[in-house]
Amino acid sequence: MIPVSEALDHLFSLAQPLGVETVPLVRANGRVLAADVQARRDQPPFAGSAMDGYAVRDADVASGEVLTVIGESAAGHRFKGHVAAGQAVRIFTGAPVPQGADRVVIQEDVTRDGDSITLGANLDAGFHIRDKGIDFQDGQVVSAPRLLRPADIALMAAMNVPEVVVAKRPDVAILSTGDELVMPGETPSEDQIIASNSFGLHAMLQDLGANPRLLPIARDNRASLETAFELSSDADLVLTIGGASVGDHDLVGHVAGELGMQRSFYKIAMRPGKPLMAGRLATGAMMVGFPGNPVSAMVCGQIFLAPVIRAMLGLGHAATPEFTAELAADIPANGPREHYMRGRLENGRVTVFERQDSSLLSLLAEANVLVIRPPKDGPRVAGDAMRCIAI
Ligand code: AMP
Ligand code: MG
């Protein structure tokens, strides 16, 4: 058994970044930028008005002043003339400020009568002009790698960048194995259960930016497992679920070994999730074998799969981020393995659930944090600071 951090190191040395591809901006959200992007213009490209009002010379601004309106500047249609002393140009938000003007008086501060305006008694002190390039300047860089979010997409659109180079999504084949498993929607026999964590991990992988697919469920025999492995031969990562312990029917390690898998490690000192394995298959793909217990598989997804996918996407080698939160109620001492306990963080205090069995999906769905207990951690009391991972 190796500690979690050592397992992560092994996983990072197996996880290779996979090439890049170019996608249009409308497909770039949630992808990882793989090449720097440069602004192709200043934004705004001209000094523009931030308000609806009148563009004037600051020197002319005083309560009661009367100015002559000589034209109009609207968004997309600039006023081409020059504003001289005693003159004003009607202007709208986003319109270029005409030459000669250096201030916009908001329309609420003006009384208009034909072609003349009178400035009001309590003038707003603002100038309401956005200078050229205050948002970004031509050549300004958005640096890769970067997980793209909606604000990044808006920024790059404003930079006049229509498509971007992003990391390829890792193709992940999910292989569930067990004679007892059927797919959701099927009619199980008395002894069967529904494959569930394969669906949970598929969802998690989608959230992580991978391209997951579910293989047909393999039965607990060599031929069925071999067929399933063959179906995964084009994947970047093969994720097996179940059949990873040392029971008579746990064949994943044997079959993968016979197919040329070079094992990197097997078994980690954590709860839940002890029978984790990883290695490289003969196809060159990375393989990770998860335990079948639903909560074990999902917790292993948070602790191991998420960092692996981020590494494959070029986001570096980092464990899932932690934070600390105050314990809401006392909890007993921990056993000899690092324990990722399900709990719920509310109003800044975390309650660790009493029941921690690794088959309880209803409690996992209730949880919003994993509380990390080191091996042999003593009893903890309300108010103690606990290491947590958001789930
Ligand atoms: P195993 O790792 O094959 O010994 O499985 C441990 C437990 O997890 C058993 O109770 C299995 O029935 C269950 N299990 C295995 N695979 C899945 C799956 N894909 N979905 C839900 N439960 C599973
Ligand atoms: Mg099994």
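Tutor: Let's start with the lining of the largest pocket: E17, H3, helix H6 (294-312) and strand E25 (338-346) each supply at least two of its residues. Keep in mind that this is a predicted model.

Student: What makes a residue count as part of the lining of a pocket?

Tutor: A lining residue has an atom within 4 Å of a grid point of the pocket. For the largest pocket, whose volume is about 520 Å³, 36 residues line it, and the closest to its centre are Gly242, Pro291, Gly292, Asn293 and Pro294. By class, that lining has eleven nonpolar, 18 polar and seven charged residues.

Student: How do you know that ligand 1 sits in the largest pocket?

Tutor: To sit in a pocket, a molecule needs more than half of its atoms within 2 Å of the grid points. Ligand 1 sits in the largest pocket, so more than half of its atoms pass that cut-off. As for elements, strand E17 (193-194) and helix H3 (197-208) are the ones that give two or more residues to the shell around ligand 1.

Student: What makes up that shell around ligand 1?

Tutor: There are 16 residues around ligand 1, and the closest are Glu180, Ser196, Asn197, Gly243 and Gly292. The shell divides into six nonpolar, eight polar and two charged residues.

Student: Why is the pair between Asn197 and ligand 1 called a polar contact?

Tutor: The cut-off for a pair of N or O atoms is 3.5 Å. A polar side-chain atom of Asn197 is 2.8 Å from a nitrogen atom of ligand 1, so the pair is within the limit. Ser196 also qualifies, through a polar backbone atom 2.9 Å from a nitrogen atom of the ligand. With Gly243, a polar backbone atom is 2.7 Å from an oxygen atom of ligand 1. Overall, the protein covers 79% of the 490 Å² of accessible area that ligand 1 has on its own.

Student: Why is the other kind of space called a cavity and not a pocket?

Tutor: The test is escape: in a cavity a 1.4 Å probe fits but cannot get out, whereas a pocket is an open set. One cavity of 30 Å³ or more is counted. The largest cavity holds about 40 Å³ of space, so it clears that 30 Å³ threshold.

Student: What lines the largest cavity?

Tutor: Its lining is Ile174, Leu175, Ser176, Met183, Ser198, Phe199, Leu214, Leu215 and Ile217. The elements giving two or more residues are strand E15 (171-176) and H3, and E15 gives the most, with three. By class the lining has seven nonpolar, two polar and no charged residues.

Student: What makes the bond from Ala144 to Pro145 stand out?

Tutor: Most peptide bonds are trans. The one from Ala144 to Pro145 is cis, with omega near -5°, and Pro145 is in the loop between strand E12 (141-142) and strand E13 (146-147). Arg271 and Pro272 are also joined by a cis peptide bond, with omega about -10°. Pro272 is in the loop between strand E21 (270-271) and strand E22 (277-280).

Student: And what about the phi of Lys267?

Tutor: Most residues other than glycine have a negative phi. Lys267 is not a glycine, yet its phi is positive, about 85°. Lys267 lies in the loop between strand E20 (262-266) and E21.

Note on methods
Residues numbered from 1 in each chain as written. Chains lettered and ligands numbered in written order. Predicted model: local features only at pLDDT ≥ 70, side-chain atom pairs only at ≥ 80, totals over all residues. Heavy atoms only, no water. Near = heavy atom within 4 Å. Polar contact = N/O pair within 3.5 Å; in protein donor to acceptor, adjacent residues only side chain to side chain. Areas by Shrake-Rupley, 256 points an atom, 1.4 Å probe, with all protein chains shown as cover. 1 Å grid on protein atoms, 1.4 Å probe; cavity = no way out; pocket = protein on both sides within 12 Å on 5 of 7 lines; lining within 4 Å. Helix = DSSP H or I, 4+ residues; strand = E, 2+ residues; numbered from the N terminus. Nonpolar A, V, L, I, M, F, W, Y, C, P; charged D, E, K, R; others polar.
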